[in-house]
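Hi,

Here is the structure I promised to pass on. Please open it first, then read my notes below.

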Amino acid sequence: MGKLAVKKYVSLMMLILQLVISIFTIVGLYGGDSSPVGNMASAMCVYVLPVFIIANIIMLVYWLIMRNWFIAPLPLIIVLCCIPYIGTIYQTGLFQSDNSTGTGIKVASYNVARFGRAATGFIAQDVLAEMKRENVDVFCIQEYTNISGDKKVSDIYSEYFPYMVIGREDMAIYSRYPITGSKTILFEQTNNSAMWANINVNGKSVRVFNVHLETTGFSRTLHQAAKLQNKGIKVEDNALINAIYGNYTLGMIVRAGQANMVAMEMRDSNLPCIVTGDFNDVPYSYVYNTMMGENMVDGFKECGKGFMSTYRGKKPVRIDYIMHDKSLVGSSYYTKDLTYSDHIPVFMTIGL
């Protein structure tokens, strides 16, 4: 009788655990549909969706082992509901057709971290060599600086990219095709910004956006805490956690407003849009959904393959993107593991 009571108790606890995991997974799936302002809990669930998905898979295996055919369908259904999200972080490439067209451009997006602040200028030249090697036509740069060593980057790049435009001083778009117009999008109370340039590709015009949204503040908070500790000032764990959480949530709110500004510019465009840049946010977040809207295609979901990570930190995440208008079509999407920055460049070939 005692063993039966224990078995029933364990089953009840596992059922409660399953219900909790299921609820949080669903909240995470739809957490990016509303602004984090006033919905911070659901917005945070988006960031741990992979954990919830793995937990559901483990629970599914558990219920199958226990031969509980009544509860086992629940985690299975939850996992099936997560397939669209899984597609934003992994693509098999098995069901993608050849979308190559006669007319197209190769676009690259790269947060260069000011070319490592190199005094020699070699990193800027190495990055240019990589762009040449990949036959890039339009190069969108975040955390840009025009001074590298004793030369201007614009002078170094002008032979291969004869056209260029600078937004705020840390944003630039280089092009092998004529740039016929541009605009800088300034964000209030932040150093981040966005820009766009109209590019004429053999008589066909597209509007290319280069976006750098607010950072998470995670690394900055840890760096500040380390500086205080190096000075002999003790940082309490609770204070550090509160600071990280405060900066992280503030960054989410600021990014949401910035994404709305860029989305409005995209809607006002009378040209097909290509959107590139460092969003500092994960797929399925409010920022991602806002930038996608109803008329954009995520290049990775269209023609990427494998896992996609664009940040070189300890936790691999995809926070750099190339998206395009549905009237355009992509034929290749990939990253290249360059070590010049804490980000990894993204490349995409887009047919016009």
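**What I found**

Of the contacts in the chain with a separation of 6 or more, 70% are between residues 24 or more positions apart; contact means heavy atoms within 4.5 Å.

Two notes on the source. This is a predicted model, with local features needing pLDDT of at least 70 and side-chain atom pairs counted only at pLDDT 80 or more, while totals for chains, interfaces and linings use all residues. Residues are numbered from 1 along each chain as its sequence is written, and side-chain values use heavy atoms, leaving out hydrogens and water.

The chain has 11 helices and 16 strands. These are DSSP runs numbered from the N terminus: helices are H or I with at least four residues, strands are E with at least two. Of the 352 residues, 48% are buried. Buried means under 20% relative accessible area, exposed over 50%, and partly exposed in between (1.4 Å probe, protein chains only).

Now the inside. The largest nonpolar core has 24 residues. Such a core is a set of buried Ala, Val, Leu, Ile, Met, Phe, Trp, Tyr and Cys residues joined through side-chain atoms within 4.5 Å. Ile-105, Val-138, Ile-274, Ile-322 and Tyr-333 touch the most other members. Elements giving two or more residues include strand E2 (104–111), strand E3 (138–142) and helix H11 (299–303). Strand E9 gives the largest share, four residues. Apart from this core lies another, of 23 residues, among them Ala-108 and Phe-347.

Val-138 is worth a click. Among its contacts, not counting residues up to four places away in sequence, are Ile-105, Ile-173, Ile-199 and Val-208.

Helix H4 (residues 73–81) has Pro-75, Ile-78 and Val-79 as its buried residues. Seen down the axis of H4, they fall within an arc of 100°, so they line one face of the helix. The arc is that of the directions from the helix axis to the C-beta atoms.

Next, Asn-280. It is in the loop between strand E11 (273–278) and helix H10 (286–292). Asn-280 counts as buried because its relative accessibility is 9%. Leaving out residues up to four places away in sequence, Asn-280 touches residues including His-212, Glu-214, Arg-255 and Ile-319. Its C-alpha atom is 9.3 Å from that of Met-252, 28 residues apart along the chain.

Last, Phe-24. It lies in helix H1 (residues 2–30). Phe-24 is partly exposed, since its relative accessible area is 39%.

Best wishes
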